[in-house]
Amino acid sequence: MKDIDVLIEALPYIKKFHDKKILIKYGGHAMVDEEAKSFTAHDTVLLKYVGMRPIIVHGGGPEISRAMEKLGKESKFIKGLRVTDEETMEIIEMVLAGKISSEIVSELINHDGDAIGLSGIDSSLIYAHKKPVSKVDEELVDLGFVGEVDKINVDLLELIINHDLIPVISPIGIAEDGSRLNLNADTAAGEVASFIGAEKLIILTDVPGVLRDPSDPNSLIHKIKISEVPDLIEEGIITGGMIPKIETCVKAIENGVNSCHIIDGRKKHSLLLEIFTTNGIGTMIYK
């Protein structure tokens, strides 16, 4: 009877989100742990088979750092952004488009989902400009080949989605002069979600969501209005690496995405639990 209850609870959400685009940002364990990779891909394919249109944007920071270390190159970050010279950009492309994207596509296909890997440079999918030199702690800082998104080639994405393929996007931008640019994966996911008119943006992380007390996993905040975000940052509840994720969510909602969700990709079938149950599993940000 319990299984029947689960199906009955899911039905309204299946109806509500039928034919809607769902942007899933892969990160954390969903990309490195074999079991998590498998059930995340399984859940993504299931979303497609019940009538939704999943789109994936993936990160890869830790793998990039490991590849750089193997090649004897040191990683340098300023305010959470990787300083990217020409050699580092080549490594980023190799890891993101050459390795991680292929692994995700393979996993999706293994679960009977048709998928295609895309770099943001393919057909100018993610058109971007170089992040300008800025002042950090009274010093002028040039991050190198780090970009900010200008626009998304929506026509290309729509073409792929309408051919029943799941796009798997590496966050690499292309500039007007043809140079490739390193993009923050969360930001890229938010921009793609906004331009494509996604119903939801779901960010997979290695934490339960936004916690009122970081030491207490039971202090999860299930819902946050975007109007509450400044106070939560001021109070120190939203801190560190969670700030840019929440800011990405706020911007996406302001640009028309209906809701954003920060969920724990380590938990089995967290995607399904967040979308198809009343209480969800992570933190939902909404207008």
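Here is a short walk through the model, stop by stop.

Before clicking, know that this is a predicted model, where local features need pLDDT of at least 70, side-chain atom pairs count only at pLDDT 80 or more, and totals for chains, interfaces and linings use all residues. Residues are numbered from 1 along each chain as its sequence is written, and side-chain values use heavy atoms, with hydrogens and water left out.

**Stop 1: strand 1**

Select 21-26, which is strand 1 (strands are DSSP E runs of at least two residues, helices H or I runs of at least four, numbered from the N terminus). Six of its six residues are buried, so strand 1 is largely enclosed by the rest of the structure (buried is under 20% relative accessible area, exposed over 50%, partly exposed in between, with a 1.4 Å probe and protein chains only). Lys21, Leu23 and Lys25 cover one side, with Ile22, Ile24 and Tyr26 on the other.

**Stop 2: the largest pocket**

Select Gly80, Leu81, Asn184, Ala185 and Asp186, the closest to the centre of the largest pocket among its 45 lining residues. A pocket here is an open set of points on a 1 Å grid over the protein atoms alone, where a 1.4 Å probe fits, with protein on both sides within 12 Å along at least five of seven lines; lining residues have an atom within 4 Å of a point. The volume is about 1300 Å³, taken as the space filled by probe spheres set on the points, which are joined across faces, edges and corners. Colour helix 9 next: it gives the most to this lining, seven residues.

**Stop 3: salt bridges**

The count comes to 17 salt bridges (a Lys or Arg side-chain nitrogen within 4 Å of an Asp or Glu carboxyl oxygen). Show glutamate 93 and arginine 180, whose closest N and O atoms are 2.7 Å apart. This pair links helix 5 to strand 12, 87 residues apart. Glutamate 93 counts as buried at 17% relative accessibility, while arginine 180 is partly exposed at 32%.
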